[in-house]
Amino acid sequence: MNNQQDGSNNNQQQGQGSGQVQGGQAHQISSDLAMVSDMLPDNLTVLPTETRPFFPGITVPMTFSGDRFIETIKKIANSNQPFLGLVLIKEMNQEDYLQSELYEVGTVVRILKIVPVEDHSIQVLVQGLERFSRLKTIRTDPAIEWQVEYYSDPNEKPGEELKAYTLSIVSSVKELLKLNPVFQEQIKMVLNQISIEKPGMLMDLIASMMTADGEKLQDILATYNLYNRGEKLLVLLKEEIERSQIQEEIQKQINEKVSKQQREFFLREQLKVIKKELGMEKDDKESEIQKFRDRIKNLKLTKEASDVIHEEIDKLQVLEPSSSEFQVTRAYLNTLTELPWGIYSQDRLDIEEARRILDRDHYGLKDVKNRILEFISTVIKKGKHTGTILCLVGPPGVGKTSVGRSIADSMNRKFFRFSVGGMRDEAEIKGHRRTYIGAMPGKVIQSLKRTQTSNPVIMLDEIDKMGVSFQGDPASALLEVLDPEQNKDFLDHYLDVRYDLSNILFITTANQLDTIPQALLDRMEVIKLPGYILEEKVQIAKKYLIPRQIKEHGLKKSEVNISDEALRRTIDEYAREAGVRSLEKNIAKIMRQVTLRQSESGQKTFSVTKNNLEKYLGKPVFTTEQLYSRDLPGVSLGLAWTSMGGTTMYVEASSVKSKNAGFKQTGQLGRVMQESSEIAYSYVRSMCCEQEQQQNGLAQYFKDNFIHLHVPAGATPKDGPSAGITMALAIYSLATNKPVRRDVAMTGELTLTGKVLPIGGIREKTIAARRVGVFNLIFPKDNQKDFEDLPDYLKKGIKPHFVDYFADVLKVVYNNK
């Protein structure tokens, strides 16, 4: 219910009005409404009202402001007919308040008294008289004036049906008063002053005090028929009663909850006081401080850390627990006292056990294991970590992360890994300053807190993928962390206390070294993990991947069998990358197919062979890398290194008759590779000019032809100098019309003098050649030692040719031509 009647209301300069019952005034009943109709004017000045309509039969003070409103109201009040129309706004016009769309039915009021108030406003006492409806609009400026038709409720005695409606309304109002007694006195006075013999007036007064929407109240105002008006009012009262019941239920639940919480709070406070008096318990602040004191008893703190902790504890004692500074100090002390100051795990000094763990967890990688064992043996001999930072470099899926975990197991140290790939904020490494909200220490300090030891193995994954932003350079922040000469006094911004990191074994991983800053790379010892060849992948799948996937899919070893031929085909046609991650995904797919078929057909055992492999994995993803079935002039096969491992790469050369000699390259070549191709073109052309004295036509060929060099797989970016001799051989083969043997692949950088310079990635390139069945390989002479260091199973069947100049390449390729 509502004891407030809103009048016209406008926030612009045109004016605004509002009305409400003042002080102890209640709604007053007009005693002479029936006598007024003879005096009401045919044309009526209308003022818009917001929120809710004004009903006949009530007298309330209303406040109006704005020059146009005040001037209009004073003019009407001083006339012989002090009558004003109040009509509810249907659609507000924000630009011009008086141009708003209004409802057709309103209430005519008599202005009884005007009292000036502050802020250029007036208070007007108005009395609602009768309903009226608009016949037509006379004018809208400077004020709205309508020609209206008035309506008065019937003055005869109501019938039995109307009395029944009136009694139902009174009964509903009394029920509402039980639920919401706020307006009990006002409504009781209304019910006492008006009998059921005047149903229209009773309905209007009750409707004026309801909290329903203005649109619904306007509907009641516009309903002239008393039966229909009573029916609509009963519906609104029913809604009001239901709303009050819901409010009462919500209030009851809230009161019960608050009472329960207050009771529990008082009981807890009393219990705390009792326990404190008996010496059984300390308050929260004392217990927190005692917790920090107990922690530092078991720690071997440095003098600096001890001084800071005791200073912060003294500070905490004088702070109120409700203050924000208390929470900041408590969090800082919590971090300081949770760190493992002076706590170290006992290293396992057994080289044979370390070798056993490495062999248990990884197949092959003999060179990598030897390097790791050399490192561990040095730690055993010296008795402590030497400060060496290991950097494991290799393609995805070759086991870099698992090697790091195996190193931790072999040394009996805790292992913690976090990725620095994509990291752009140096605060991730060195922590935030405590002045920031939500500040926390860096990842290195957090890892010590997690492992609870000062000598764990910490792996920094994807160190080659760190970024730089306006928030700082994480790579530069890592210089202090990874430098053995500096990390013994590492200063985290959050701790602001030096911590010794020199006993931590840091291991980093990367896919390539090119993107690692040189200053950071100088602090690390690089161990390369090359890709696996087919035979190694078969053994890894049989020993590690298949048993693991069988277990993860809830199968038994006897329920599925994958033959070696099926594994070889899977590796060659579905998982050709350097690592074994894709191979494991394909094995998992086979296991899912087995579980599905077991559920559908009831078959218990399955055998995966080379012939039925496609039923499990679908069509092969990779086809042969050999593009040509016969030898062609202008086509040569090169060997390339990528972050995914080694691969083969064809180079094609073609010529077009042209008056202008020239040369162009396609295939999305990088800048270095473009320069290498230009060197190859210049060298071959100069060589052919030198041979002009012995062979006619070669020099003229370059004058009459435009040479086009292309490297297939144009969507793949390519760069590097190692394809120099491959591109030179393709151009030479085109010029001389001598096809290059398809069983020869090569790699090497070429200079303008024909010198062949050494390159990298010999192991990866050898693996790529074995994969496509090419065994005659041409390498730079200076790479002979790198090839000889390869394991025997990689060199088996390979016929290497080591060349010093491009002329040596021609001898190898055309020795039978």
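**Salt bridges and beyond**

Guide: Arg131, Asp153, Asp204 and Arg229 are tied into one network of salt bridges, a salt bridge being a side-chain nitrogen of Lys or Arg within 4 Å of a carboxyl oxygen of Asp or Glu. Before going on, a word on the source: this is a predicted model, in which local features need pLDDT of at least 70 and side-chain atom pairs count only at pLDDT 80 or more, while totals for chains, interfaces and linings use all residues. Residues are numbered from 1 along each chain as its sequence is written, and side-chain values use heavy atoms, with hydrogens and water left out.

Within it, the side chains of arginine 229 and aspartate 153 come together at 3.0 Å, N to O. These two link distant parts of the chain, 76 residues apart: arginine 229 sits in helix α7, and aspartate 153 in the loop between β8 and α3 (160–179). Helices (H or I, at least four residues) and strands (E, at least two) are DSSP runs numbered from the N terminus. Arginine 229 is buried, at 0% relative accessibility, whereas aspartate 153 is partly exposed at 25%; buried means under 20% relative accessible area, exposed over 50%, and partly exposed in between (1.4 Å probe, protein chains only).

Across the whole structure, the search turns up 36 salt bridges. One of them pairs lysine 430 with glutamate 480, the closest N and O atoms being 2.8 Å apart. Lysine 430 is in helix α14 (residues 427–430) and glutamate 480 in helix α16 (residues 474–482), so this pair ties together parts 50 residues apart in sequence. Both ends count as buried: lysine 430 at 15% and glutamate 480 at 16%.

Then there's lysine 755 with aspartate 804, at 2.4 Å, N to O. Here the partners sit in loops, lysine 755 between β23 (749–750) and β24 (756–757), aspartate 804 between β26 (799–803) and α28 (806–813), so parts 49 residues apart are tied together. Lysine 755 is partly exposed at 22%, and aspartate 804 is partly exposed at 22% too.

Histidine 362, in the loop between α11 (351–361) and α12 (366–382), is buried at 7%. Its side chain makes a polar contact with the side chain of serine 402 at 2.8 Å; that term means a pair of N or O atoms within 3.5 Å, where within protein one must be able to donate a hydrogen and the other to accept it, and residues adjacent in sequence count only if both atoms are side-chain atoms. The histidine 362 side chain also reaches the backbone nitrogen of valine 403 at 3.4 Å.

Asparagine 705 tells another such story: it belongs to strand β21 (residues 705–710) and is buried at 4%. A polar atom of its side chain lies 2.8 Å from the backbone oxygen of tyrosine 701.

Proline 142 lies in the loop between β7 (121–139) and β8 (144–151).
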